[in-house]
Amino acid sequence: MGSVKRKSIENPIEGYDTPAEKQQKRGNELLNLDEPVACVHDVSYPEGYVPRASTSNLPDKDAKPAKEFPFTLDPFQAEAIKCLKNGESVLVSAHTSAGKTVVALYAIAMSLQNKQRVIYTSPIKALSNQKYREFKEELSDVGLMTGDVTIDPNASCLVMTTEIWRSMQYKGSEVTREVAWVIFDEVHYMRDRERGVVWEESIVMAPKNSRFVFLSATVPNAKEFADWVAKVHQQPCHIVYTDYRPTPLQHYFFPSGGNGLYLVVDEKGKFRENSFQKALNALVPPGEGDKKRENGKWQKGLFVGKAGEDSDIFKMVKMIIQRQYDPVICFSFSKRECEFLAMQMAKMDLNNEDEKVNIETIFWSAMDMLSEDDKKLPQVSNMLPLLKRGIGVHHSGLLPILKEVIEILFQEGLIKCLFATETFSIGLNMPAKTVVFTNVRKFDGDKFRWISSGEYIQMSGRAGRRGIDERGICILMVDEKLEPSTAKLMVKGSADSLNSAFHLSYNMLLNQIRSEDGDPVNLLRNSFYQFQVDQAIPDLVKQAKSLEEERDSIILEEEDSLENYYSLLQQFKSLKKDVRDIVLSPKYCLPFLQPGRLVSIQLIKVDDNLPSFSVKDDVTLGVIINFERIKGLSEDDTNKKPEDASYTVDILTRCAVHKDEAGKRTISIVPLKDPGEPAVVSLPISQAKIDSLSSVRLVIPKDLLPVEARENTLKKVSEVLSRFAKDGLPQLDPEDDMKVQSSSYRKAVRRIEALENLFEKHEIAKSPLIEQKLKLLHTKKQLTAKIKSIKRTMRSSTALAFKDELKARKRVLRRLGYVTSDDVVELKGKVACEISSADELTLTELMFNGVLKDIKVEEMVSLLSCFVWQEKLQDAQKPRDELELLFTQLQDTARRVAKVQLECKVQIDVENFVSSFRPDIMEAVFAWAKGSKFYEIMEITQVFEGSLIRAIRRLEEVLQQLIQAAKSIGETELEAKFEDAVIKIKRDIVFAASLYL
Amino acid sequence: MRGVQLSLNKTQKLRLETALEKLESLSSTTSNNSNASVTVADTIPINYEDGVLKGHGTSEMDGRVVATICGVVERVNKLVYVRALRARYKPEIGDIIVGRVIEVAPKRWRLEINFSQDAVLMLSSMNLPDGIQRRRTAVDELNMRSIFEENDIVCAEVRGFQHDGSLYLQARSQKYRKLDRGQLLRISPYLVKRRKQHFHHLDQYGVDLILGCNGFIWVGEHVEAKDDMVVDQMIKSEQENASLSGSVSSCEQEQSHTSVEIRQHICRLANAVRVLSTLGFMVTVELIIELVDLSISHNLNIHEMLGAEFYVIVAEKEAERRSLATKKR
């Protein structure tokens, strides 16, 4: 990815190329820097669309453009603007730094020129604020609507969050009738698990006559998205795709404990294998830090530097400064890590005196809006010294105002080294020369996984300042070995594709049911999710067809009798396995696993998917060396009886050892006579590898390490074998020797005997080609099974996705009295309609149960805080008794709601649902509503300042929704109470206005 | 039969009385909350220990919850409210209403909708003919009369309340339009039940029936609406027929004549609604059609539907139907 890819400009409109062609073009890298930067242009037409013949209502092509830019447009920008001029929707997919905003600006200018409204939506409030400021500077007629603020809602150009836009559409604001262009920024947010569905709703419900501009990071399936838009809105949708980066990137590795940088991918996008290997070799094997990593702690690898020695990150930053690679952004994946790393920079000073003065002025003028008390907050006062040295921290735990100051300082170039979390990689153009990844793994909720290529692209997009740096630099701090393929995938992989994250919510259903035209089924049918499922069907059909052809091409003679034989064989095998399982169950065989006993082992075939078809198994002999119990993962394994535990047996036998390039050894067991090393393999006895135990025991030398000793032992085995060549190796008799007493064993043995007789009688068994034939039959059977499973998926996807869930959820709504049986929204439903920022059902139930009525305002606010707090807090202290009591009431209500859902067959984990309400900030919010100062409440709880502020702001949002809800049921007292609550919490630093406004 | 003056002869009177008695007895047996009806200042019995939420039509006086309007007490969990009967229309968000334009004001129309205040329909909340996206120009405002004039009948959706309690309307799609060539009927709002659908296209008669939640009922010639705003474009686009999809204004010019047959259908439907509302029965599409069919099967002329005999027949029929329904239960 990180390279500049130049492609020839395609003829627009006609360019109806398939993804395959595109791929080819992408591969075809022309690395001449002088050639113009190009893009791929494609159009999706809705089915049966006839391009407009008359262009009378279109603006004259030669007319003055709605906006002129003081610089020459990049081809992709020009291409996109051409589409806008034609009045058609466009999806622009390009890197963050490429300059997508230009397209948005043009669309806005065009609408303003035509006296039409235009809406700009972005996923994040902060981004909306920044865009508002940016647009306001260029054009005057701009308004802003977020959950926090509303400025000039009647303006022609409205900047808002996507959630607001969605609720406007549900409520039917007049804006929806006047909006000519809707701009969706960062539309790839659609794949967000929680919020992605908002984009789908907004796009599906958008006015049919408006046009769209979608701005997205690079997504490989842009065409699919455009096809969907074209289908849903019955209008052509253009795709302008470019991989272009204004500044090329170099990717370096920094092995932990090492000293230097290794160029792994150069600016031309070439992966340097040898340099990569060198980097890995320089990796100092982590010592004690290793243990910590195993335990899944977040501090992984960062403490490798021994005490007294500089930490890796310090060395790294020092080097960057020395080489003048600053400014630099260091990405890490947790807030605490971010702060911790910044603390390690204590000794560093990157700014001169002038800059320090500057910083101080900017800082204090921004902090001016805070009250005296708030200025004394530790986060505020601790931040300044750090900032003055040119070091910044940026993560969601910061006070919003601090975050903004840091952003501004960074843009001014006064911060040379910024420690940030992933959130910094989204949104406004804030590039640095260098980007450092402090980790190669990210914790995604259940495990540490490699950074995905999509994330890598997004974050590395911050490297390289257009027009300033010749190239951007990406440094990956590697603290563990990784395969070249993994590295390549991460650094050079393609962007994440845009997949639907559609899911249903009650609020969505109620809003759809409430409006006369709305029907949740229509929404589902038009969703991107359904579209993607539908797209997959032709593919499945094709697959099934080709498999069927393959199956039919296999023709066998005497198929019936062959099949008969085949099924006999299957029975025989499964019986044998049963017997073996009984005999070799630890209960019976443990006393016989002495060292020196000969065992027969099944040979593992290279091609494992084709089982052998002879009655006799291929076996070889080995000598037991030892056996041991497999240690379980959990502690309570010790309670298990020894019979139940699983064991592995170490067996000495002849093995073929292969080494692949990576140095990984693969060992396969071979017959005794074949060439190979004598080696010890350990096999779990629960697996079918060990066939049977013989009654022969050898004396084995104590020291088996020398190869000769092993060789000798194996020779002895061969000798034994030849001695018993006549009538085979004596086996341990299960019944006599091993005292196996089980009726199922005896039954199985009897049936095996009967089957063996049948085999002998079977005529086809004498056929010379029996093996091959059976193999063919087996393949055929497998194909049939595959076809069956494909057909099953096909059936399930032709049905409407989410159909069952929709039914179940409607059942819930009826059961709880939100809608009537003929889909009319009842009073409770109307209340739940209003609540979109918290769990609508639980909150509505709580309200109708009168819980909110009887308690004090502060208590109510405190209780509502459970709905908006999502972070999990370790060892948070319990709230005081009154609050605790309220919380139990909430939990009871939640449990009831969850149980009803479960009864209505909605898939839900009741306890999980109940524990999704967190009481962690109840105390703090209670104190805040009581009028405490912010620094006081920060002493009560351990949460990050920024997180708490966000929660309280969201709480205010919920309260506003509740005011509407109370209005609709006519409960004036409650309404007044909510209003009172808003007044109580809406003050001071928590609701300090954004610096961008 | 409050205040209905019908010229009944003796037998008809008797029949009607028996039918109504039967209905009354049925309703008292089926619904147990007949004692829950209250008049103004009646105390509403509640369990004070639980705590209550007092909804519309209630107030607190000397520690008691009293009704402020006449109606039926309804309870949802802890919420207690009084649902008014035979009152003015009380709008709820999302209701479909039919109203009459009484004033063209700057950027807005004022509509009479049987609410305690006039409703406001903003120009910006209105779809332009052809469904094009509006441009914000002064010309638009000057041309407002080309969309609706005074005394036009309009259907719209309740969008919400302003802070001062005034009501705002909106027209989400092309089917919210000026209504012409038909009859407007005013009945008590409580007779119109809120349902999923309030727009009905009665194909067999070529008639549109709009049951406004505010008790205004429109029966008029069917107009094929070109509907761009409906979410389900796929289905609609198939139905869409270029020749039929003219806007409201162009319709006026194209077909100025309504066939006699359709006029008769309109009248018959309208009379059915009148009969139902006089008898105090719920007005639903099914019942209206049933009545029309009944009148045809009795070979009644349109004007005869308003005659005493038909009222009696309808009342008897309804009594029979309900008693059957209760028996089944």
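View 1. In strand E14 of chain A, A:Ala420 is the bridge partner of A:His394. The model is predicted; local features need pLDDT of at least 70, side-chain atom pairs count only at pLDDT 80 or more, and totals for chains, interfaces and linings use all residues. Residues are numbered from 1 along each chain as its sequence is written, with chains lettered from A and ligands numbered from 1 in the order in which they are written. Four bridges join E13(A) to E14(A) (residues 417-420), and the two strands pair in the parallel sense. Pairing requires at least two bridges found by DSSP between two strands. Strands (E, at least two residues) and helices (H or I, at least four) are DSSP runs, numbered from the N terminus.

**View 2. The open sheet of chain A.** Seven strands are arranged in the order E11-E10-E18-E15-E12-E14-E13, with mixed pairing. Strand E11 (262-265) and strand E13 (391-394) each have a single partner strand, so one side of each has no neighbour in the sheet. From one strand to the next the twist averages 25 degrees. Angles run from 0 to 180 degrees between N-to-C directions, and axes are lines fitted to C-alpha atoms, for helices over the stretch in contact.

**View 3. Packing of helices H2 and H3 of chain A.** H2(A) (residues 75-85) packs against H3(A) (residues 101-113) at an angle of about 25 degrees, their axes lying 9 Å apart. H2(A) is therefore roughly parallel to H3(A), a term for angles under 35 degrees. The crossing is right-handed, that is, the near helix is turned clockwise from the far one by less than a right angle. On H2(A) the contact is made by A:Gln77, A:Ala80, A:Ile81 and A:Leu84, and on H3(A) by A:Val102, A:Val103, A:Tyr106, A:Ala107 and A:Met110. Contact means that C-beta atoms, placed from the backbone, lie within 7 Å. Eight of these residues are nonpolar, one is polar and none is charged. Nonpolar covers Ala, Val, Leu, Ile, Met, Phe, Trp, Tyr, Cys and Pro; charged covers Asp, Glu, Lys and Arg; the others, Gly among them, are polar.

**View 4. The four-stranded sheet of chain B.** The open sheet has the strand order E1-E5-E6-E2 and mixed pairing. Strand E1 (37-38) and strand E2 (53-54) are the edge strands, each pairing on one side only. E2(B) runs parallel to E6(B) (residues 79-84), and two bridges join them. B:Leu53 has B:Leu79 of E6(B) as its bridge partner.

How values were computed. Angles under 35 degrees count as roughly parallel, over 145 as roughly antiparallel, 65 to 115 as roughly perpendicular and the rest as oblique. Two residues are in contact if their C-beta atoms, placed from the backbone, lie within 7 Å.
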